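Subject: Structure handover

Hello,

Here is the structure I promised to pass on. Please open it and keep it in view while you read my notes below.

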Amino acid sequence: SNVMMGFVKNYPRTIEAHEAKLPLKITSTPSQAEVYFNPAGTGGGIKQGETPLKVYLLPNSSANLMVSKKGFTSYQQLIKSYEQSDFHINLDKTTRWIYPADGIIEGLAVGEGILYATCRDGSLYAINVATGQLQWRFRTESGSDISTAPLLRPPFIYFGCDDGYFYAVRINTGQKVWSVKLGGRLKAAPVLSADAQTLYIGSDNKYLYALNGATGEMRWSFLTGGKIPFSCTVATNAVYAISDAKTIHAVNAKNGQEEWHLKLEEQPTVAPCVINNMLYLADTDQHIYALNLLDRKIKWRYKTKGVIRTTPVYANGKILVGSDDGMLSVLEAVQGTLEWQFKTAAAAQSAPAVSSDAFVYLGSNDNYFYALTLTGGNLVWKYQMGHKNYTTPVIYQDLVFTAAADRKIYAFER
């Protein structure tokens, strides 16, 4: 292209110069943006394709270049032949909508076109995913902080409060179905049994509770040796709960009897993740490790450079964890070998969310929200929010949602 441009400049009156076409390579971040191209002074635009793309200009001509991608700012500029042969455009990420809450959002759940958000102002918000408009708002009776993510199981949504009450709310009306006083602060998000009939909730009064999901009736309670600061996990008819006495408890999901417990060397810092008879956990010594539930022996350990405060996430044979050194580490789940890492500028205290089409969404205390590829960890886009982000994102169709410490909920086109 440089040779052609030089020829046209040196021999402008020749037939070859008049008939020459000068190439222009157009690239963008992110890629696959639509490129429109039309002669200067004309209306409309003719779609040329998607980036990366090569188009051609006639000598001594100009054209309007327009580049656009859903969920990003559009770009437009008048370009002239000879000026450059490569043109790179950075498109800025935009939000679908932003909703201002009255307190810091602790957790999100989404389904049937509605986003649900628990908030430290003692409220549960229901927001239309398409418009960002409030559908209803449920306020707890005491106004106590809600420090856990909600659990959505239509027709109800469940959550616990710092005052020890646990609630079931009807999703189509925002009305309370039932509430029960469990005692202690409920800082661990509830989980549901495989048959969706029983709720399991840990409390800092050292009890693990099992409730009837429809009525709130107590099915059983189990006293552990310490506070339960994290969500438990249900797998193969057992409930796995972590207490702050450095202990894993395996409790029969049906009758509440302890099947076994295991004393650990270091205090766990996150809720467990159980996949294929392997329990993945992280501790204060900056390790993530895999515990074989069949023989209760550690299969592998991986040392990070910061404390891990987010529950390990399993996706496509990989384990994903963020740590206080700002790193997202992605490990092969069976052997624990490192596949890739992505560095943010501050502590990564938001558990990542992984979409079915293999994209990773992650917040960080550096005030940015990131979209990465699950294969290789390549940056797709990032967006600067108003404050640090430690709320685990949720995905619904072509949208992803998160919240920041600026008391706002953010919706993005994926």
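Buried residues make up 55% of the 414 residues in the chain. Keep in mind that this is a predicted model. The chain exposes about 18200 Å². Carbon and sulfur atoms supply 47% of that area.

Now the overall build. The chain has 39 strands and two helices. Its C-alpha trace spans about 90 × 50 × 30 Å along the principal axes. Take the contacts with a separation of 6 or more: 40% of them come from residues 24 or more positions apart.

Next, the charges. The chain carries 40 positive and 35 negative charges. Their mean positions are 2 Å apart.

Is Ala403 buried or exposed? Ala403 counts as buried, because its relative accessibility is 0%. Now look at Ala117, which is 286 residues away from Ala403 along the chain. The C-alpha atoms of the two are separated by 9.1 Å. Leave aside the neighbours of Ala403 within four places in sequence, and its contacts include Ile105, Leu108, Tyr390 and Ile409.

On to the cysteines. A disulfide is a covalent bond between the sulfur atoms of two cysteines. How many disulfides does a search of the whole structure find? The search finds zero. Cys119 is in no disulfide, and the nearest cysteine sulfur, that of Cys161, is 11 Å away. The cut-off for a disulfide is 2.5 Å between the sulfurs. Cys119 is also buried, at 0% relative accessibility. Cys273 is in no disulfide either. For Cys273, the nearest cysteine sulfur belongs to Cys232, 13 Å away. Cys273 counts as buried, at 11% relative accessibility.

Salt bridges are another story. A search of the whole structure finds 14 of them.

- Glu413 and Lys70: the closest N and O atoms are 3.9 Å apart. Glu413 lies in strand E39 (residues 408–413), and Lys70 lies in the loop between strands E5 and E6, so the pair ties together parts that are 343 residues apart in sequence. Glu413 counts as buried, at 11% relative accessibility. Lys70 is exposed, with a relative accessible area of 59%.
- Arg120 and Glu106: their side chains meet at 2.4 Å, N to O. Arg120 is partly exposed, with a relative accessible area of 33%. Glu106 is buried, with a relative accessible area of 19%.
- Asp195 and Lys254: the closest N and O atoms are 3.8 Å apart. This pair links distant parts of the chain, 59 residues apart. Asp195 is in the loop between strands E17 and E18, and Lys254 is in the loop between strands E23 and E24. Asp195 counts as partly exposed, at 40% relative accessibility. Lys254 is exposed, with a relative accessible area of 65%.

Best wishes

Methods:
Residues are numbered from 1 along each chain as its sequence is written. This is a predicted model: local features need pLDDT of at least 70, side-chain atom pairs count only at pLDDT 80 or more; totals for chains, interfaces and linings use all residues. Side-chain values use heavy atoms; hydrogens and water are left out. Helices (H or I, at least four residues) and strands (E, at least two) are DSSP runs, numbered from the N terminus. Buried means under 20% relative accessible area, exposed over 50%, partly exposed in between (1.4 Å probe, protein chains only). Contact means heavy atoms within 4.5 Å. Accessible areas come from the Shrake-Rupley method with a 1.4 Å probe; for residues, only the protein chains shown count as cover. Lys and Arg count as positive and Asp and Glu as negative; His and the chain ends are not counted. The place of a charge is taken as NZ of Lys, CZ of Arg, CG of Asp or CD of Glu. A salt bridge is a side-chain nitrogen of Lys or Arg within 4 Å of a carboxyl oxygen of Asp or Glu.
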